[in-house]
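Please find below my note on the model under discussion.

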Amino acid sequence: LRTSSSSPMSRFTYFVAILAFASVASVLADTCGGNCPSDDCPGCPCGTSSNYVDIAGWCSQYGWDQGCCQCIVSHESSGNANAANYNDNGSYDIGVAQINDINWNDCNGGNAPCDPDANLACAKMVYNWGGQSFKLWSTCSECGCC
């Protein structure tokens, strides 16, 4: 006995729904819900929801040049603590200051510094490793801060 749920049309509708769900899941994984603007992230280290901070407030928590910090953060993440960038060399830049994963062991116990406070602690270290300058950020020239 064949029920209406096993009709060819129902199976087709079910198949289309599964295909649509898989497509959406694939897009979300690549874009991390918008946190990965390059649309090529193989994973979402900071999740799929945005977490924007007040850039001026975040930068004011350390004694670096405020204008440079604000410019760099604006260009790097727009203040999204969950921002992720997947680099050509297979590394990730994460968070407000886009801290590269090569630094995570030294500044955050090997974990992605998604929390704004953890990202700030890492950013301070990277800033100091750069001779108390922003020269280790790729956007330092664009901001006139190298």
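1. Basis. This is a predicted model, in which local features need pLDDT of at least 70 and side-chain atom pairs count only at pLDDT 80 or more, while totals for chains, interfaces and linings use all residues. Residues are numbered from 1 along each chain as its sequence is written, and side-chain values use heavy atoms, with hydrogens and water left out.

2. Make-up. The chain holds 5 helices and 3 strands, and from the N terminus on its elements run α-α-α-β-β-β-α-α. Helices (H or I, at least four residues) and strands (E, at least two) are DSSP runs, numbered from the N terminus.

3. Of the 146 residues, 38% count as buried; buried means under 20% relative accessible area, exposed over 50%, and partly exposed in between (1.4 Å probe, protein chains only). Among contacts (heavy atoms within 4.5 Å) between residues at least 6 apart in sequence, 44% join residues at least 24 apart.

4. Sheet. The 3 strands form an open antiparallel sheet in the order β1-β2-β3. β1 (84-86) and β3 (99-100) are at the edges with a single partner strand each, so one side of each has no neighbour in the sheet. Strands pair if DSSP finds at least two bridges between them; β1 and β2 (residues 92-94) are joined by 3 bridges. Tyr 86 stands opposite Tyr 92 in β2.

5. Aromatic rings. Rings of Phe, Tyr and Trp (its six-membered ring) pair if their centres lie within 6.5 Å; planes under 30 degrees apart are stacked, over 60 edge-to-face and the rest tilted. The count comes to 8 aromatic pairs. Trp 64 is buried because its relative accessibility is 4%, whereas Tyr 62, at 23%, counts as partly exposed.

6. Surface. The accessible surface of the chain is about 8,000 Å², 55% of it belonging to carbon and sulfur atoms. Areas come from the Shrake-Rupley method with a 1.4 Å probe; for residues, only the protein chains shown count as cover. Where does Trp 129 lie? Trp 129 lies in helix α5 (residues 116-129), and with a relative accessible area of 43% Trp 129 is partly exposed. Together with Met 125 and Leu 136, Trp 129 makes a nonpolar surface patch of about 290 Å². Patches are made of residues with over 30% relative accessible area and no salt bridge, nonpolar side chains (Val, Leu, Ile, Met, Phe, Trp, Tyr) being joined within 5 Å and like charges within 9 Å. A salt bridge is a side-chain nitrogen of Lys or Arg within 4 Å of a carboxyl oxygen of Asp or Glu.
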